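My entries follow in the order in which I looked.

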Amino acid sequence: MTQPFFDHPYLSGHHAPMRIEADAPDLFVHGELPDDLAGIFYRNGPESLYPPIEGDYHWFDGDGMIYAFEIADGRVSMRNRWVRTEKFELEKEAGRRLFGIFGNPMTSDPAVAGKRYNTGNTNIIVHGGKLLALMEGAPPVEMDPRSLATRGEEHYGEVVTTTFGAHPTIDQTTGEMFNVSSMINGPMGAKQMRYDIINADGSLQKSEVLDVPHMALLHTFFLTENWAIIPVIPIDTDIERAQKGGPMTAWVEGRPTKIALMPRYGSADDIRWFEYEPRHMFHELNVWEDADGKIIADVAAADRTALFPNDRGEKRTHAETMQNLRRWTIDPNGNTGWMKEEVLNGRDIQFPRPDDRLMSRASRQAYGNINLHSRDGRVEGMDAVLRYDTQTGEEDIYHFGDGASCGELIFAPRLGGTEEGDGYALTLVHRANAATSELAVFAAMDIASGPIATVEIPFRVPSGFHCNFYAADSALYRQAMGSA
Ligand SMILES: [Fe+2]
């Protein structure tokens, strides 16, 4: 018998797992969905099948659940399915949780010794004709792009056998996908990461093993037309520290941010490293090169983090670690100092996103979910969405009301449109104590006027992590759906 989960901030309220899989063929729509919005909106997030065994939980630890909203002809269908990894199937078979938090072998059931901890719970992307559920500790998990049936792990010809990134960058100009995987030899192995380039057809172009200064937790990296930039932030995983009673994953006080610069098609021998002040940075808005060859990296960053304790086991609060939108200007020659930082927008922002078609090329508009009134944007949720013009500083904000929690705000291009901002912006919204959720659709250049259409979801969709939209006329969509 499975008992209700214990009380935990990330297992209750809008975070509480629903633990159901559903199909809804034609959802109610309030307002008018435009005819030129068509495609599929995916969302990934943690929804534990079973409660953790240690009586503790981490936000990043639940089983991945994919929600897919297919939009066409003013109608929306919805489906959600767990990412059925080996971990999920083993635990379902046992009827209880078997893996420790983050697969920690010291607290896992001996029945799963040597088995892979893969939740596939962080991101959900389309590339090379495949729908891939991603987390940074394990290979991608391929799912059917329409039925969401799990097809199994993608190893890219037995190269990606340990870890893969949660935030690869797809350059939509070339169709290539670039990835950085951290801790490729496990937390006890050699300190190395791997840089992969995957061709538009899904085949592996090249893979480089790179040395790293510590067992880094890498959540993202930057790509431009000519550079791959890998910021190694001061968070690491240290089994020895855990064996002495400290945190396994921690922010190491006093450690600088270490940044690797490598030509985009270069190799390990080409890397140069430089250091900057300690920064927490999990998500970039976009990164590109200006006319002088400087690298412009617009990022959500903070001076420290609340996601993990520090190496002494001390925890920070959300208020102490609020991320805002910053511009890092990096000189790849180091002539004028390696890097300078300015704050573009000081609001409490979670996930900044551009028009994805411009990833690695210059972009101007930022879309993000922000926190206006709640005390803790991570636990209580982000209650508003923002479009921010990084050239003029213009803000375009919509507040969903106190107690609302909204997810990543995703730009969805208008069918046939090519200009930045020509389209819509979508986000999932849960309202405090409501039994249902909404998919809110905005005109992308007019967020403040509120949603032009709201899609009613007949149950609560728990808050999650990353979303992506694939327009029906995009190469990525057509390539994936052709194989569905
Ligand atoms: Fe992320």
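**Aromatic rings**

I began with the rings of this predicted model, and found that ring pairs link Tyr10, Trp59, Phe60, Phe102, Phe282, Phe308 and Phe465 into a cluster. The count of aromatic pairs comes to 20. I then looked up Tyr10 and Trp59, whose rings form a stacked pair with 4.8 Å from centre to centre and 15° between the planes. Tyr10 lies in the segment before strand S1 (22–24) and Trp59 in the loop between strand S3 (39–46) and strand S4 (64–72), so this pair ties together parts that are 49 residues apart in sequence. I noted that both Tyr10 and Trp59 are buried.

Next I turned to Phe99 and Tyr117, an aromatic pair that is tilted, with 6.0 Å between the centres and 55° between the planes. Phe99 and Tyr117 both lie in the loop between helix H1 (86–94) and strand S6 (123–127), so here the pair ties together parts that are 18 residues apart in sequence. Phe99 is buried, at a relative accessible area of 2%; Tyr117, at 12%, counts as buried because the cut-off is under 20%.

**Nonpolar cores**

Which residues of the largest nonpolar core touch the most other members? I found Phe222, Ile229 and Trp328, out of the 32 residues in that core. The elements giving two or more residues to this core are strands S15 (227–232), S18 (257–263), S19 (272–276), S20, S21 (295–302) and S22 (324–330), and the largest share, 4 residues, comes from S21. Looking at Ile229 itself, and leaving aside its neighbours within four places in sequence, I listed contacts with Phe221, Phe222, Thr224, Ile259, Ala260, Leu261, Ile295 and Ile330. Apart from this core lies another, of 31 residues, with Ala22, Tyr50, Val76 and Leu428 among them.

**Glu284**

I finished with Glu284, which is found in strand S20 (residues 280–289). What does a buried Glu284 have by way of a side chain of opposite charge? The nearest, Arg353, is 8.6 Å away, and Glu284 has no salt bridge, because a salt bridge requires the charged atoms to lie within 4 Å. I did find a polar contact between the side chain of Glu284 and the side chain of Thr220, at 2.7 Å. Beyond its neighbours within four places in sequence, Glu284 is in contact with Thr169, Thr220, Phe221, Phe222, Asp298, Val299, Pro352 and Met359.

Methods. Residues are numbered from 1 along each chain as its sequence is written. This is a predicted model: local features need pLDDT of at least 70, side-chain atom pairs count only at pLDDT 80 or more; totals for chains, interfaces and linings use all residues. Side-chain values use heavy atoms; hydrogens and water are left out. Buried means under 20% relative accessible area, exposed over 50%, partly exposed in between (1.4 Å probe, protein chains only). Lys and Arg count as positive and Asp and Glu as negative; His and the chain ends are not counted. A polar contact is a pair of N or O atoms within 3.5 Å; within protein, one must be able to donate a hydrogen and the other to accept it, and residues adjacent in sequence count only if both atoms are side-chain atoms. Contact means heavy atoms within 4.5 Å. Rings of Phe, Tyr and Trp (its six-membered ring) pair if their centres lie within 6.5 Å; planes under 30 degrees apart count as stacked, over 60 as edge-to-face and the rest as tilted. A nonpolar core is a set of buried Ala, Val, Leu, Ile, Met, Phe, Trp, Tyr and Cys residues joined through side-chain atoms within 4.5 Å.
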